[in-house]
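This report describes strand pairing and charged side-chain contacts.

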Amino acid sequence: DYGKILLIGGSDNYTGAAILAAKAILKSGGGLLTVMSYSEVIDVFKIVLPEAMTVRIENNLIYQLETFDFERFDTIVIGPGLSRNKNTEILLQYVLKTNKDVLIDADGLFYLKNNLALLNRNNNTIITPHMGEYQNIFPYNAKTILKDLADIVHIYPSLTIVLKSENTIMIDKNHVVFNDFGNNALAKGGSGD
């Protein structure tokens, strides 16, 4: 509700995911958007979404993150188009150590398996995997998926899982919601963003 959102996403070959996610953030009620990304993505944002403030990911990323003011944001979104490299894992680790609500999508999810302990946090964490991403993070058994999801959110009480498929399952420690309104339009790359 007019919050301050930090979107960490995009890379040289994947600017679209970050742009789609940024537009969705603004359309769904984000009041002030800051995009942290690489120079080539920031250059595109200045043209396509000039209302977004920007922060360039610097070469000395660890120093940048140690001095970066995460406190000025209400929510952090990490992953869309960020690419799979060491910087993405470092960014994910720093973000999950903040006391901010965090949404992890796409490439941010790729490194979650190595950092599951960081899901033990007080603030809300939402992950939005499709089935392939989910199987990279957690064991998958189609026959026990609901029980497995319930067990996971029991282990990590601040976690919400939005498991995207033909039918989407959203689960947290108190609720299970099925969205069975999926259609062929969601089979297109970027529809999640």
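Two strands are taken to pair if DSSP finds at least two bridges between them; strands (E, at least two residues) and helices (H or I, at least four) are DSSP runs numbered from the N terminus. The model is predicted, so local features need pLDDT of at least 70 and side-chain atom pairs pLDDT 80 or more, whereas totals for chains, interfaces and linings use all residues. Residues are numbered from 1 along each chain as its sequence is written, and side-chain values use heavy atoms, without hydrogens or water.

Strand S1 (residues 4–8) runs parallel to strand S4 (residues 75–78), joined by four bridges; Ile8 has Ile78 as its partner in S4. S4 also pairs in the parallel sense with strand S5 (residues 101–104) over four bridges, where Thr75 stands opposite Asp101.

There are six salt bridges, each defined as a side-chain nitrogen of Lys or Arg within 4 Å of a carboxyl oxygen of Asp or Glu.

Relative accessible area is classed as buried under 20%, exposed over 50% and partly exposed in between (1.4 Å probe, protein chains only). Glu71 is partly exposed at 48%, while Lys100 is buried at 12%.
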